[in-house]
Amino acid sequence: STDIYCQRILSTGQAAWLANGLPICTAQNTQWNVQIIPDTIGGAIISWQDRRNSTYDNIFAQRIDAYGNIKWMYNGIQIAQTLGTQYYPQMISDWSGGAIIIWQDNRKGTDYDIFAQRINREGGLLWGTSGTDVCAAIGHQYNPRIIFQNSYFIVAWQDKRHNDFDIYAQRLNLQGQPLWSSDGNPVATLPLDQFMPQITIDGANGAIITWADYHLNNGSTDLYSQRIGANGLPAGGCYRTFIQDSLGSKSKRFKRSNRIISIPNAGNVRDSIFRRGVFPYGLFIGVERRDSLKKYGWIRYTRASMVRRALPQSGMPRPFDWIVDRLFVGEKKNLRPLRYDNQVVGELLALKLNIAASDAGITQGQLGDIVFQDTTQNNPLNNKKLRQIASTVDSMLTMWSWYKNLNYSLIGNTLQRINAAFHGIFDTISTSPLRFTSTQALFSVPFLRPSVDPPTIIPEFHAMMIEDELPENFALLQNYPNPFNPLTTIEFNLPEPATVTLKIYNILGQEVGVLIDHTMMEDDNYIIDFYASSASGGLSSGVYFYRLLAEPLSGGEVRNLVKKMVVLK
């Protein structure tokens, strides 16, 4: 039977140790399938498959220094003290004098799984006496390969959990904890077999994996390759985003009697986000600082229809310091561009909606965990996840005094680039629930990269998944603000097309203003601005009434709705 021997060759070509090498393991029976790596401190670590117990093979390892001295137990240390067969070890340095060893493992007795062990420079087993499972899925897992990059390990293997062999991969930290899905993430699951993977680092905490592939079914194998990101997704994941203009569009009625009549648009995405309960208390822009109501301000958009009217915004990028001619303090509800137009606000609204669409499953998940990395300039948002960017910009807007000399134009342009990164042609996977296809791969966007951290745990949203934001009843809502001077907004809902009249009256019942005069309007939610100074002769302080008259085109009952408003000068 075979044993394990080792020799060091000097740069002169001479043997440094005993003639014909030093014995590493001369235990009984066969030792084979040898692996060797540097221990990064001048010596080497050797691992092998060992049949010394005569029943089944196990994995053993030994360390030897630069002078030929054996450092661990005579004939090596058993890497996994367990029953069953362990085959084909693969090994890589942990850059601390130890190693990570992976292998095929038959300890269950039914099929082969992938196990791993970390051993330190003194020969101590760090991941338990029997190692840790990398993949214990049903079916065989064979031919594992491993790389090390920035304190993390990525393992790839061929996997027959389904009918044919596929390629799977897993990422582990130095404690042996898996960071991707249980039993690994799929890399290639084409028809027929993919097998014998090889793996190397990609320089960005991910990996490039190649393999032999039968899926063309032409009787011979071909070679295929894939890059997998640090987030465990091929090509870093494929995503979709929406820009300000599209998120400010009116949603489509794309279903009628359970029949799809058109492709939904970004307006449907916006409305669906709110209906799914992602923003149960409204969508906040800025930081809610109720402890400093006279110093700081923020905006709260209460409903999807209010967000629609707030987009797009292209005004001067700036913080929440002034609004028109007064300080921007306290909560401002549902600000529209007519009253406050700020590119940073519009782009931040779009970014938060894009992250929310991903979290709610409307688009590909984990968008919020992508990292922004602008290599062309010093950007205060560099190396932050998109979620962190959203909260950071909130702080930059509200706590503006903390950010002296901040370039808000750079912030607005950065958000604009992110929102446009995956914008593309609309297409859907599903309309019930609403779900959109992705447009392109993360690795095609030079200023975005996957995060090395595990994905954020998304809370469960408690709302019925209703995709239609159109109102169910005729309604006239209370104007805001009230009292007001000189501007207020009036909102009303039409559940069906109608001829609409909206007028203002004084307490004597005299008409003092006309906002809409017998105009046919589609079913939708509407917001109308009213300036007290625009009424006949201008309105003085006092109580007024606004009246909505809606005549449904279907011939139904005419709706006559009235609300009170107060002008306070």
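User: Hi! How far apart are the end C-alpha atoms of H5, and what span should its 13 residues have?

Analyst: Hello! In this predicted model, the end C-alpha atoms of H5 are 19 Å apart. At 1.5 Å a residue, the 13 residues should span 18 Å, so the two values agree.

User: Let's pick Val 393. What does Val 393 touch?

Analyst: Leaving aside residues up to four places away in sequence, Val 393 touches Val 344, Leu 348, Leu 381, Ile 411 and Leu 415.

User: And where is Leu 381?

Analyst: Leu 381 sits in the loop between strand E26 (371–372) and strand E27 (384–385).

User: How many residues are in the largest nonpolar core?

Analyst: That core has 61 residues, and Ile 285, Tyr 301, Val 393 and Leu 448 are those with the most contacts inside it. Several helices and strands each supply at least two residues, including helix H2 (266–275), strand E22 (297–301) and helix H5 (386–398). H4 gives the largest share, 10 residues.

User: Which residues belong to the other core, apart from that one?

Analyst: The other core has 25 residues, among them Tyr 526, Ile 528, Leu 548 and Val 567. As background, nonpolar side chains tend to be buried together in soluble globular proteins.

User: New topic: where is Thr 85?

Analyst: Thr 85 is in the loop between strand E6 (77–78) and strand E7 (86–93). At 13% relative accessibility, Thr 85 counts as buried, because the cut-off for buried is under 20%.

User: What does Thr 85 touch?

Analyst: Not counting residues up to four places away in sequence, Thr 85 touches Tyr 56, Asp 57, Gln 104, Asp 105, Asn 106, Arg 107 and Tyr 112.

User: Last one. What is the mean pLDDT of the protein chain?

Analyst: The mean is 93, and 97% of the residues reach 70 or more. Over residues 464–468, though, the pLDDT is below 50, and this stretch has 14 contacts in the model beyond near neighbours in sequence. Where pLDDT is low, the predicted coordinates should not be read in detail.

Key. Residues numbered from 1 in each chain as written. Predicted model: local features only at pLDDT ≥ 70, side-chain atom pairs only at ≥ 80, totals over all residues. Heavy atoms only, no water. Core = buried A, V, L, I, M, F, W, Y, C linked by side-chain atoms within 4.5 Å. Buried < 20%, exposed > 50% of the residue type's maximum accessible area, 1.4 Å probe, protein only. Helix = DSSP H or I, 4+ residues; strand = E, 2+ residues; numbered from the N terminus. Contact = heavy atoms within 4.5 Å. pLDDT = per-residue confidence, 0-100. Expected span 1.5 Å × (residues − 1).
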